[in-house]
Amino acid sequence: MLIQVEQLTRIYTMGDSVVRALDGVDIDIDAGEFVSITGASGSGKSTFMHLLGGLDRPTGGSYLLDGQSMSRLSDWKLARIRNRSIGFVFQTFNLINRTSAIDNVAVPLIYGRETKTRAKAMAALERVGLANRHNHRPSEMSGGERQRVAIARAVVNNPSVILADEPTGNLDSQTGTQILDIFHELNASGTTIVLVTHEMSVAVQARRLIHMTDGLIDVDRSITDELRRDLVRDDLLRAARLQSEPVIKEAG
Amino acid sequence: MFFLRIVIMSLRALQTNLMRTMLATLGVIIGVSAVVSAMSILSGAEKEVVDKFESMGADQVMIVSGGGRRQSRRIRFDALKREDADAILDDCELIKAVAPEVTQPMQIKYFQKNTNAQVLATTTAYESINDYHVAEGRFITREDDRSERKVCVLGHKAASELFGQVPPVGYRVKIKGLGFTVVGVMEKKGFLGFRNVDSQVIVPLGTGMKRLFGMRFVSMITAQATDQSMLEAAMQQISRTLRSQHKIRAGADDDFNMFTQEQAKKQFGDVTKIFEVVLYSIAGISLVVGAIGIMNIMLVSVTERTREIGVRIAVGARRIDILTQFLIEAAIISLIGGVLGVLVGMAFSDLLEKITQVLTTFTPPAAIVYALVMAGVIGIVSGIYPAVRAARLDPVEALRYE
């Protein structure tokens with residue numbers, strides 16, 4: 001078992017109000033899985049991802065990554081785990097704009113005190129098909145290319161899990177598909193992927209679907225081809241309905 | 001290796017905002033150049049004055065009129081007589097030579113040519129005591145002095161100003177309307193004490209006192225000890241001799257003052273200390289201003305790069321790594337300022353030397369090291385607060401920051 005989560009809670013207190021962002025989540029994720037987490041905004045999926053990634057500490061419950069309890073680690077050990085075992089991919093790419101693609105990819109290697117950083121960063125860029133653009137800066141690249149650089153940065157240390165937060169959210173659907181293809185390839189070569197998205201058409205790309213509402217998991221099931229077809233069709237129908245409905249007339 | 005990479009990362013970040021980096025260094029540049037030019041001017045002046053003191057000779061003691069606690073009430077300038085000099089030479093066995101002297105500026109004429117020179121009336125011993133010798137002809141003799149002969153010895157520069165290429169020995173010049181035969185020309189020497197002896201004209205003491213100045217006292221007696229280590233004892237002998245010469249009762253104050261090269265140097269050192277404190281305070285204030293400038297820029301930089309900091313933490317940077325990076329950035333800004341400040345300071349003191357033509361400046365290597373170390377320290381100190389703020393950022397918040 002790669003990820004074991006039991007009764008995980010995260011409670012924010014802001015003045016008098018208490019927000020139970022995560023209200024007792026139980027979940028196991030095996031190595032090699034491709035999981036998507038969906039839910040409305042405010043459902044707790046981002047909070048959950050931050051906890052999985054070691055960017056935040058839970059208020060209660062336990063979280064084991066590779067058998068190691070993450071809730072009691074020191075800042076140093078947590079940083080090391082973020083560096084070695086976890087790869088982040090963000091909606092807004094979060095690249096450092098003043099440096100080239102290869103330098104961006106090399107950042108985790110530097111904090112990991114690795115040697116031969118250039119060669120390793122280059123290899124990661126090759127995995128996402130951007131070796132020839134290694135000297136370009138993010139500002140000289142398209143959105144899809146930037147996200148591929150971000151993925152290269154996430155995989156450069158061969159992490160056991162990639163956490164992707166709305167990775168296609170800022171991309172057109174065609175480019176989004178390319179990015180998802182890369183995730184499929186990474187998953188095929190053994191990397192566990194946790195994909196957070198609110199788009200059903202993206203979520204169904206995974207093999208397991210987790211849906212969250214009000215800080216709790218209400219759906220956790222594997223995605224069969226049939227389900228995938230239905231969900232996509234529903235999505236399309238909903239979209240079609242939205243387009244065909246005479247919104248303006250009603251309003252007038 | 002890791003450290004080096006952080007340094008490279010910091011340099012890149014600074015390079016991206018070159019204009020801002022330069023503005024941030026400005027305060028340090030001004031501060032450091034103030035320190036360096038202050039140090040250059042001070043050590044230049046000190047070196048020059050010390051050189052002059054050195055030229056006085058460490059085995060000498062200068063005796064002048066005045067002294068005592070009652071000095072302020074009744075300043076005496078006529079206490080020393082030339083007989084005192086003879087008495088010192090006769091009675092003090094630790095003194096091997098004395099040269100009494102009187103000096104006044106006067107106009108020297110040779111046909112159409114005129115020059116203003118310091119006329120020094122002294123005795124034969126002047127030559128050996130000061131290790132300052134004639135290049136042509138001869139020096140003043142005992143006989144010149146006793147017979148009050150109208151002869152003179154020209155300083156190197158005085159000779160060339162009046163005579164050009166012509167050897168002056170044997171010609172007559174006019175001092176205060178009186179004809180003097182030139183008997184010798186001195187070697188080139190430069191400064192002896194605070195006096196530029198090259199443009200001076202030397203006449204016999206007797207001649208000078210009676211025929212030129214009309215004075216019955218001497219302004220200074222230079223006495224040379226038999227040995228430098230005996231200088232203290234020799235001064236006691238001089239004191240005893242002069243008190244009995246001047247018939248000063250026991251308990252009453254001296255009517256003369258003595259000083260040696262050592263004492264003069266020490267007194268000068270005390271004066272420069274005051275200047276040092278004042279100059280360094282000014283420099284210190286401008287460095288504080290520089291530090292505030294760096295802190296300000298670093299705070300802006302941290303705020304601007306909040307998201308980047310979040311990303312760095314997400315990919316495995318420890319808080320100490322973030323702290324180090326921003327501290328290094330601040331130190332680099334400050335060091336660049338330091339290096340430029342040293343260059344500006346050196347250029348400024350050079351310029352000052354050229355413009356004023358009187359100041360001599362000298363930048364001691366220690367000042368450069370001192371300035372650079374100080375710049376580094378200032379950078380780190382002013383970088384601490386911004387760096388700590390960066391390191392304390394919550395990564396989740398930082399990644400959301402717009």
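This short tour walks through chain B of the model, from its domains to some of its charged residues.

The model is predicted, so local features need pLDDT of at least 70, side-chain atom pairs count only at pLDDT 80 or more, and totals for chains, interfaces and linings use all residues. Residues are numbered from 1 along each chain as its sequence is written, chains are lettered from A in the order in which they are written, and side-chain values use heavy atoms, with hydrogens and water left out.

**Stop 1: the domains.** Colour residues 2-52 + 266-400 of chain B as domain 1 and residues 80-245 as domain 2; the bounds come from an automatic or database domain assignment. Their C-alpha centres lie 55 Å apart.

Stop 2: Select B:Asp145 and B:Arg82, which form a salt bridge with the closest N and O atoms 2.7 Å apart (a side-chain nitrogen of Lys or Arg within 4 Å of a carboxyl oxygen of Asp or Glu). This pair links distant parts of the chain, 63 residues apart: B:Asp145 is in helix 5 and B:Arg82 in helix 3. Helices here are DSSP runs (H or I, at least four residues). B:Asp145 is buried, at 11% relative accessibility (buried means under 20% relative accessible area, exposed over 50%, partly exposed in between, with a 1.4 Å probe and protein chains only).

Stop 3: Now pick B:Asp144, which is buried at 0%. Its salt-bridge partner is B:Arg138, at 2.7 Å, and B:Arg138 is partly exposed at 32%.

**Stop 4: along helix 9.** Finish with B:Lys266 and B:Asp270, whose side chains meet in a salt bridge of 3.7 Å, N to O. Both lie in helix 9 (residues 261-304), four residues apart, about one turn of the helix.

Conventions
Helix = DSSP H or I, 4+ residues; strand = E, 2+ residues; numbered from the N terminus.
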